[in-house]
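Please consult the sequence and the structure shown here alongside the text.

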Amino acid sequence: MSAVLKPQPAFRPLAESDLPAVLAIERDLYEFPWSIGNFRDSLATGYSCWAMTSAHGLLGYAVLMLGAGEAHLLNLSIARDAQRRGHGTQLLHHLLGVTRRYGATRLFLEVRPSNAAGRALYARNGFAEVGVRRGYYPARAGREDALVLSVAL
Ligand SMILES: CC(C)(COP(=O)(O)OP(=O)(O)OC[C@H]1O[C@@H](n2cnc3c(N)ncnc32)[C@H](O)[C@@H]1OP(=O)(O)O)[C@@H](O)C(=O)NCCC(=O)NCCS
């Protein structure tokens, strides 16, 4: 019996030329999306910025800040029509590998309490709540808190 191999997504460093596709996904996913300037600054600062691609194009992207033995995940996004197929989990595992190889012992991130998909993804991958940042995010009615999550590596 021959096994049918599922094509695996590829990971590569995000490039300036990816930004139009990134911005299209970002604006589709978020009510308060990052600007092109946020992505340009992340690339210019040398943050660990990743594209996850298939033969059909960009599936998702992520921005990771590595420094002083710690890591902070600033953005992790999967295109709407590619969601719920394990890509978010694969991208997160890639970032955990990058963080481990860098030598950091913990990965931190912020998530909106209202973001059920994000919270479920992180909980399934061992993240635990370690704090709350009051009024961290813009929201329709004022501001929304951020939950601070962290996982030990
Ligand atoms: C959060 C996000 C990255 C998940 O990506 P994804 O490719 O759908 O994730 P996966 O397919 O690997 O899902 C892993 C698990 O997360 C949870 N999950 C994902 N989407 C969910 C949803 N819409 N509702 C509830 N749980 C969800 C489920 O437990 C899921 O496992 P299951 O499909 O076996 O039930 C994606 O929904 C996204 O890009 N959202 C918008 C951007 C965002 O919120 N990013 C995180 C900001 S901190």
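A residue is near a molecule if its C-beta atom, placed from the backbone, lies within 6 Å of it. The model is predicted: local features need pLDDT of at least 70, side-chain atom pairs count only at pLDDT 80 or more, and totals for chains, interfaces and linings use all residues. Residues are numbered from 1 along each chain as its sequence is written.

**Ligand shell**
- The ligand is surrounded by 20 residues, the closest being Gln-83, Gly-88, Thr-89, Ala-117 and Ala-120.
- Two or more shell residues come from each of strand S4 (70–78), helix H3 (87–102), strand S5 (106–111) and helix H4 (116–124); helices (H or I, at least four residues) and strands (E, at least two) are DSSP runs, numbered from the N terminus.
- H4 contributes the most to this shell, with 6 residues.

**Tyr-30**
- Tyr-30 lies in the loop between helix H1 (19–29) and helix H2 (36–45).
- Tyr-30 counts as exposed because it has 12 C-beta neighbours inside 10 Å; the class exposed requires 12 or fewer other C-beta atoms within 10 Å of the residue's own, buried requires 20 or more, and C-beta atoms are placed from the backbone.
- Although Tyr-30 and Ser-77 are 47 residues apart along the chain, their C-alpha atoms are separated by 9.5 Å.

**Strands S6 and S7**
- Strand S6 (residues 128–138) is hardly covered, with 0 buried residues among its 11.
- S6 pairs with strand S7 (residues 143–152) in the antiparallel sense over 7 bridges; pairing requires at least two DSSP bridges between two strands.
- Pro-138 stands opposite Arg-143 in S7.
- The hairpin of S6 and S7 has 4 residues between the strands, and Gly-142 takes a positive phi near 80 degrees there.
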